[in-house]
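Colleague: I would like to go through the charged residues of this model with you. May we begin once it is on screen?
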Amino acid sequence: MIPGKYRSVSGRAANNVNCGLHLVIQTSSLPEKNKVRFKKVEFKLNKDTSSFPGRLSQHDLERNYSSRQGDHINLVSSSLSSFPILQRSSEEKILYSDRLSLERQKLTVCPIINGEDHLRLLNFQHNFITRIQNISNLQKLISLDLYDNQIEEISGLSTLRCLRVLLLGKNRIKKISNLENLKSLDVLDLHGNQITKIENINHLCELRVLNLARNFLSHVDNLNGLDSLTELNLRHNQITFVRDVDNLPCLQHLFLSFNNISSFDSVSCLADSSSLSDITFDGNPIAQESWYKHTVLQNMMQLRQLDMKRITEEERRMASVLAKKEEEKKRESHKQSLLKEKKRLTINNVARQWDLQQQRVASIATDEDRKDSDSAQDPCQIDGSTLSAFPEETGPLDSGLNNALQGLSVVDTYLVEVDGDTLSLYGSGALESLDRNWSVQTAGMITTVSFTFIEFDEIVHVLPKLKIKFPNSLHLKFKETNLVMLQQFNALAQLRRIDQLTIDPQGNPVVNFTLWKYYVLFRLSHFSMQKINGTEVTQNDMIMAERLFGILAHVASSELPQYRLISILGDARKKQFRYLLESKGKKPGIINEENNDSKRPVGENTNRATLNYTTREFYNEKLEEIKEKKKFCKTYIEDLVKEATEINMKNEALQKLWPQMFIELVRDAVIEIRNKNSYMKLCLQQITDQK
Amino acid sequence: MLSPERLALPDYEYLAQRHVLTYMEDAVCQLLENREDISQYGIARFFTEYFNSVCQGTHILFREFSFVQATPHNRVSFLRAFWRCFRTVGKNGDLLTMKEYHCLLQLLCPDFPLELTQKAARIVLMDDAVDCLMSFSDFLFAFQIQFYYSEFLDSVAAIYEDLLSGKNPNTVIVPTSSSGQHRQRPALGEAGMLEGVEASLFYQCLENLCDRHKYSCPPPALVKEALSNVQRLTFYGFLMALSKHHGINQALGALPDKGDLMHDPAMDEELERLVVRSKLHRTPWQHRAKEPGAFGFQRREKQEALERVSSASVPTPYHYRWEPRE
């Protein structure tokens, strides 16, 4: 209900000055208002009207009023209705027949305007009007100004088919509606309202300027049909994305300052708008980005002005260069992330296979054990507690990444990675990669070699290759390589040099032994290792190691019979030499230390040289080979024994029989010689017979 | 040499009893394997060396388990070698797990079976948690009994089993190699209130066993002595008693008495020389770390070592010093 406020307006400066409403709407000289720039709309209806700025201050009003004191306007309350009725003096009516200004009249309702059906401009600025009413009869109205009122809903305009300018700024409008008949609308100003959605304007095909600044818009769409729109002001909203702008064939100026746009994708339709030449983004999050300017310039080549500044050729060139660089970088990082993902999946795959293998081995082991002895179990593998420490990450992948990876086959069972100075090998298949042709530069840079998910026994076989191809590798890392015996460290002695050794406890039970580090220091003392598992090696450690195992070395060298030494050392040397001659081929099991590079006097090194490591399979192979020989030896010895026993028996038999035989011989001889003469004759006879 | 009982046996058996054939076969086998190298310096010398090393007990070093186990002499040599090489570990005071001892064994014999070590550990730990730490001397003496008398112990286990379950103790039992100890565990519950078996009965069976079989047994008198103090005993109690018995240890002849276990002056001197030599050859950077080893290793340092290095000539009991090849 609009309380009938009636006032007698005589004598006060509240009167409207109804002269020369020159509709010049302009400039940024207005301080607190929106920086709206309207196109100059000159509506010179009265040629001899003097122009004055659109919004009059009260003072001006008074001034003007006093100077143009003519017939004044009377707002007379009628007892019949609650609306005041406007009456103008006939003089004024004639003078300003087409315009009426009721600015600052403290109106709370639109008064009934009778007899003014020719009005073309109507000004209700700065009042308290809550509803647009009582103007349906002004069917010739071209411009209606309701700026700064309290209107909550657009209504009551359905008869104003000629309306060209509708100014509803600074009201309380929540929704754009009821503009259906205003097909000639040229300027629609709805700034400073509470509008949340752009709607019901699609029929305004003559609209050139649309001002929706300072509303509550969160997005821009539904702009089709505005075929004449050249300026769209959306400043000071909460816009996050913009659509449909490419459907505006004439749009030249678009103001998006002070919104919530953070990426160019959300305003991507702008790139397709060929008419756009002026755009502002300042006050948006996007304007803070480092790539803002050149991305906008690159995507909107048609722009001439950005954020109220002209775009120079230089800027354009810079923009395209930078944009290209961005593209490159993005492609690069995409590639990187693809690679990383592939790597991760491969490592997971390798880990899974390793676990399966370990469990298979362990279950075989327990089966065998169960067969002959009691509950001997391999405590580390069976209970599944050493399942891979790379849990399957099912976290959200970038969808693009995911699609790309569908194409990659994750059947890879190994991974070889070179990262600066580190060569990482995952899975036993990776060992073959050592055969590749590594460039001297790459190979020379490698100082760290890391083995994961590979059986140590397999690594042992490729250590000679490692020595040759990667001469600068000084740091070895082992993780999940099944190091279980101290003996296995003997195999490392053949390398040229190791400065650091890292044995990850995961998958390497040997680390649980109390003495393992000392054994390593002892066996590999000729390397003068600096660090083991990150801890520095002190002289006391070395002395301790020597103390603990020194006797072992002494025994191993000085107490072995020489032929054994020769066989152990010489054998290995021969085989290594053979390996160097033939570049490929199965490596022998027995691996030994090369003394060539040691700086120490030879005596000290080689006393450990007999401490070797033979992988289980090779050892068993060797034992198999020896079986043949053993069998032969057995039979040979048996034959010898038989012979010896036979001879012995014969000897003993002879011993027993000899006395008897001897007596017989003697008796025979004596009997023969009893008769000397006949014996002499017999002998002579024998001699002649012989001849 | 010319004793009558020597002639009482047929030749082959005599040789076999003395294990002469084993060594002969092994010697010939080694000869075959290393033909090229040995031919350089002559077969006669090879045989000399071989049998010398057999006498000295160094022939078992780094040999396969089947050979190490083959004769009692080999077993004794192996035990002795193990003691000499790793006495320092014991001297250091470390307690190691069964697996680690097994590793040390494997350093000398690459395919030494785990079960023997496990059985030895069970003796020490009285069949409790097998992952406990053991001291060097405990382990060594238990291991000695287990390794040297392994077949004997298997039979004993079978006998014990039968006694527990109440069978006739005088029946002949010839167990398969390791089934005995596999059976004995669950039977414990059936023994009723009293644990183990009666000592005298048990001893009787053992005596029969020793008489009947040809593999080495501990001297029965000493066994009796070991059993004399107890009324009843368990299997592992019996083994523990055996391992701790000094007489049996001396009868074996492999290891010194428990008190002397850590003493080996000749080796200690040798070791000191090695340590000093290694110290002298440290590269400069290693001298900077003064604090004790950062490995968290509990140990007792023997500082008196340096003073003993004076004597340069140490009488080595072995004739053949290995000369470096180069």
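Colleague: Is A:Lys627 buried, partly exposed or exposed?
Modeller: This is a predicted model. In it, A:Lys627 counts as partly exposed, at 48% relative accessibility.

Colleague: Which side chain does A:Lys627 meet in a salt bridge?
Modeller: The partner is A:Glu624, with an N to O distance of 3.2 Å. A:Glu624 is partly exposed as well, its relative accessible area being 47%.

Colleague: Where do A:Glu624 and A:Lys627 sit relative to each other?
Modeller: Both are in helix 12 of chain A; because they are three residues apart there, about one helical turn separates them.

Colleague: What about A:Glu638?
Modeller: A:Glu638 also belongs to helix 12 of chain A, which covers residues 616–673. Together with A:Asp639, A:Glu643 and A:Glu646, A:Glu638 forms a negative surface patch.

Colleague: Turning to chain B, how far apart are the closest N and O atoms of B:Lys119 and B:Asp154?
Modeller: They are 3.9 Å apart, and the two residues form a salt bridge. B:Lys119 lies in helix 9 (residues 114–125) and B:Asp154 in helix 11 (residues 150–165) of chain B, so the pair ties together parts that are 35 residues apart in sequence.

Colleague: Are those two buried or exposed?
Modeller: B:Lys119 counts as buried at 9% relative accessibility, and B:Asp154 is likewise buried at 9%.

Colleague: Which residues do salt bridges with shared partners join into one network?
Modeller: That network consists of A:Lys630, B:Asp26, B:Arg63 and B:Glu64.

Colleague: And how many salt bridges are there over all chains?
Modeller: A search of the whole structure finds 28.

Conventions:
Residues are numbered from 1 along each chain as its sequence is written. Chains are lettered from A and ligands numbered from 1 in the order in which they are written. This is a predicted model: local features need pLDDT of at least 70, side-chain atom pairs count only at pLDDT 80 or more; totals for chains, interfaces and linings use all residues. Side-chain values use heavy atoms; hydrogens and water are left out. Patches are made of residues with over 30% relative accessible area and no salt bridge: like charges are joined within 9 Å, nonpolar side chains (Val, Leu, Ile, Met, Phe, Trp, Tyr) within 5 Å. Accessible areas come from the Shrake-Rupley method with a 1.4 Å probe; for residues, only the protein chains shown count as cover. A salt bridge is a side-chain nitrogen of Lys or Arg within 4 Å of a carboxyl oxygen of Asp or Glu. Lys and Arg count as positive and Asp and Glu as negative; His and the chain ends are not counted. The place of a charge is taken as NZ of Lys, CZ of Arg, CG of Asp or CD of Glu. Helices (H or I, at least four residues) and strands (E, at least two) are DSSP runs, numbered from the N terminus. Buried means under 20% relative accessible area, exposed over 50%, partly exposed in between (1.4 Å probe, protein chains only).
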